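Keep the sequence and the 3D view open as you read.

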Amino acid sequence: IPFARSTCTEIFMMNCKNKIAWPEGNKGIFFLILILSIFFSYEMGNRHFANPDEGRYVEISREMIVTGDFVTPRLNGLKYFEKPPLFYWMQAGAIKVFGINETSMRLWTVIFAVLGCLGVFLVGSKCYSSTVGLISSTVLATNILYYAHSRLIILDLVMSVLMSGTLWCFFLAFVRGNYRKSTIIAMYAFSAFSCLTKGLIGIVLPGFVAFLWIVFSKNWSKIKNIFYMPGILVFLAIFLPWHIVVAIRNDDFIYFYFVVEHFLRYTTTIHHRHQPFWFFLPILLVGFMPWTGFSLVAIKNSFKRIRDSEHMFLMCWIFGILGFFSFSNSKLIPYVLPILSPVALITGITLAKSFDFNSSDFKMGVLSNIVLWVLIAFIAYFFAKSEIEDLFQNSDVMLVIKIFAGLFIAAVIILMSALCFRISRVAVTLIYAFIGVNMMWVINSAVVFYQEAKKPTTKYIAETINFNKKNDDLVFCYKRYYPDFSVYLNSAVGVVDFIGEFEFGAKAEPNNNKLIAEEEFWKFWNTTNKRIFLLLSHEHYRNIFTTGILAHRILDWDKHFAVITNK
């Protein structure tokens with residue numbers, strides 16, 4: 001505490017002298033980690049697990065602990081080979097140490113969010129200045145897209161940070177010309193861990209970016225240095241063991257994992273995630289708020305300096321990955337997360353050179369931001385008018401919206417007024433800190449309301465079942481599987497008349513007892529001596545049981561779900 005207090009005092013005194021200063025060395029790194037950890041961990045356990053993604057990744061890890069099988073991932077007792085196991089292993093470790101709860105299961109995403117910002121800080125500080133490093137890490141931490149994914153238990157942020165680690169090592173070793181063997185080995189290690197998190201994309205995308213840079217910069221001589229044998233051996237030592245063991249244990253692994261989940265996912269609409277070519281552009285414009293205007297100015301400046309090898313690499317990184325996924329037939333919002341780190345760095349470089357309102361770049365960034373914010377607000381209301389009006393019916397949501405609207409308007413007025421006056425760097429920093437923290441607070445509040453309305457939890461229903469359930473009782477879901485239901489029950493469940501993401505597992509293990517046809521289930525419901533608990537939506541309940549044909553008893557009924565029994 002005295003150490004942190006003295007560091008705070010040092011920073012405050014430096015900034016009072018109208019400088020953006022940061023403690024040098026380990027003290028600065030420690031203090032940055034402390035601030036980022038507090039920032040990302042704030043209220044991280046205030047939401048229940050969201051369906052389906054958060055519940056799925058917790059349940060797979062829970063089943064690894066229960067079965068003791070850390071080679072073959074399983075979801076609800078069925079084989080699940082859509083993703084490699086590194087994230088599951090980390091989550092299983094958190095379960096072992098802290099148990100299953102909303103805070104412990106989001107711990108790793110918070111850690112990687114901090115590491116991603118720390119990586120940008122270290123690269124910016126080493127290659128440019130501590131001011132560039134600090135601003136870049138701040139930009140990354142406080143943009144909507146990055147912060148929102150730091151709140152979710154999904155693989156994409158972890159993969160993005162590891163992939164960024166691969167590309168930052170390439171940047172230092174080959175673009176900047178620092179041929180340290182340790183940096184090259186670290187590059188291959190980051191790539192291997194990225195592949196163990198989300199598949200071959202962990203080596204394909206960095207390789208694609210490196211190839212683009214070599215082609216455009218004509219640095220063909222770098223190729224022989226890139227293929228560094230000790231680094232390749234490290235990659236293989238990390239990447240191969242699990243893939244070999246799981247392939248030996250599961251004959252159906254290789255085709256599904258490499259062909260279906262990699263090649264066919266990219267080239268076909270097999271996963272029903274097709275979006276137009278321009279899908280990611282509005283995502284990035286909105287997702288990089290409140291820094292979008294400055295980032296656009298920074299990209300423009302980088303294109304002006306495209307002959308510079310470093311800026312050429314950063315542009316290859318940004319537009320190479322953006323183009324790669326834009327041509328894909330499978331598009332999801334988190335796919336563009338690896339772009340955020342280089343955008344944050346070039347934004348930090350631009351802001352560090354023009355960090356006051358006398359700069360034309362800064363004025364252009366501020367004006368662009370204001371125009372974008374207002375435009376996005378109108379477009380969002382126009383396209384989502386009915387949903388927004390539904391939210392207005394909730395008094396708690398209305399309070400959040402009113403507070404945010406007031407603070408947002410105040411920020412716009414302050415920024416517009418500041419264009420007419422000379423303003424210090426400290427004031428600029430405070431204004432944007434005010435805007436950024438305000439937006440993060442709104443995200444935290446809005447996600448809770450959105451999840452309750454669109455992806456409700458089964459936690460309370462599961463608690464009711466756990467209280468009444470005996471060892472021989474059976475539990476089923478009707479026409480849909482809720483992964484968080486298995487987590488909160490601490491048990492796999494049966495699923496009636498539903499395949500979904502179990503399609504591969506059902507084919508691989510056709511004699512499983514987890515999936516059951518509807519007709520067969522109702523026969524079992526009426527004839528078995530065992531007590532059955534059935535989770536179903538209100539709509540399904542009304543469709544089936546209002547006729548009174550099937551005997552049942554209602555055990556619990558909440559805003560979204562019902563639980564009934566046959567005894």
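**Charged pairs**

Start with glutamate 54 and arginine 47, whose side chains meet in a salt bridge, at 3.4 Å from N to O. Before going on, keep in mind that this is a predicted model, where local features need pLDDT of at least 70, side-chain atom pairs count only at pLDDT 80 or more, and totals for chains, interfaces and linings use all residues. Residues are numbered from 1 along each chain as its sequence is written, and side-chain values use heavy atoms, with hydrogens and water left out.

A salt bridge here is a side-chain nitrogen of Lys or Arg within 4 Å of a carboxyl oxygen of Asp or Glu. In general, side chains of opposite charge can pair when their charged atoms come close. The structure holds 15 salt bridges.

Are the two partners of that opening pair buried or exposed? Glutamate 54 counts as buried because its relative accessibility is 2%, and arginine 47 is buried too, at 6%. The cut-offs for these words are under 20% relative accessible area for buried, over 50% for exposed, and partly exposed in between (1.4 Å probe, protein chains only).

Now look at lysine 507, which forms a salt bridge with glutamate 503, the closest N and O atoms being 3.5 Å apart. Lysine 507 and glutamate 503 are 4 residues apart in helix H25 (residues 503-508), so about one helical turn separates them. Helices (H or I, at least four residues) and strands (E, at least two) are DSSP runs, numbered from the N terminus. Lysine 507 is exposed, with a relative accessible area of 62%, while glutamate 503 is partly exposed at 44%.

Helix H26 (residues 518-527) holds lysine 523 and glutamate 519, which are 4 residues apart and so separated by about one helical turn. Their side chains meet in a salt bridge at 3.9 Å, N to O. Lysine 523 is exposed, and glutamate 519 is exposed as well. Shared partners also join salt bridges into a network made of Arg47, Glu54 and Arg106.

Next come the aromatics. Rings of Phe, Tyr and Trp (its six-membered ring) pair if their centres lie within 6.5 Å; planes under 30 degrees apart count as stacked, over 60 as edge-to-face and the rest as tilted. By this rule the count comes to 40 aromatic pairs. Take tryptophan 242 and tyrosine 257: their ring centres are 6.1 Å apart and their planes sit at 75°, so this pair is edge-to-face. Tryptophan 242 lies in helix H13 and tyrosine 257 in helix H14 (residues 253-267), so the pair ties together parts that are 15 residues apart in sequence. Both tryptophan 242 and tyrosine 257 are buried. They belong to one aromatic cluster, along with Phe81, Phe253, Phe256, Phe258 and Phe504.

A charge sits over a ring if NZ of Lys or CZ of Arg is within 6 Å of the ring centre and within 35 degrees of the ring normal. Arginine 56 lies over the face of tyrosine 57, at 5.4 Å from the ring centre. Over the face of tyrosine 128 you'll find arginine 176, at 5.9 Å from the ring centre.

**Two helices to look at**

Helix H13 (residues 229-249) is also where you'll find valine 245, which is partly exposed with a relative accessible area of 33%.

Then turn to helix H10 (residues 181-198): its 18 residues should span 26 Å at 1.5 Å a residue, and its end C-alpha atoms are 26 Å apart, which agrees. That expected span is 1.5 Å times one less than the number of residues. Among the buried residues of H10 are Thr183, Met187, Tyr188 and Cys195. Glycine 199 follows H10, and its phi is positive, near 95°.

Most residues other than glycine have a negative phi, and most peptide bonds are trans. What is the peptide bond from asparagine 51 to proline 52, cis or trans? This bond is cis, with omega near 0°, and proline 52 lies in the loop between helix H2 (25-41) and helix H3 (53-67). The bond from methionine 289 to proline 290 is cis too, with omega near 5°. Proline 290 is in the loop between helix H15 (280-287) and helix H16 (292-304).

Lysine 479 has a positive phi, near 65°, and lies in the loop between strand E3 (474-478) and helix H24 (483-489). Asparagine 490, in the loop between H24 and strand E4 (494-496), also has a positive phi, near 60°.
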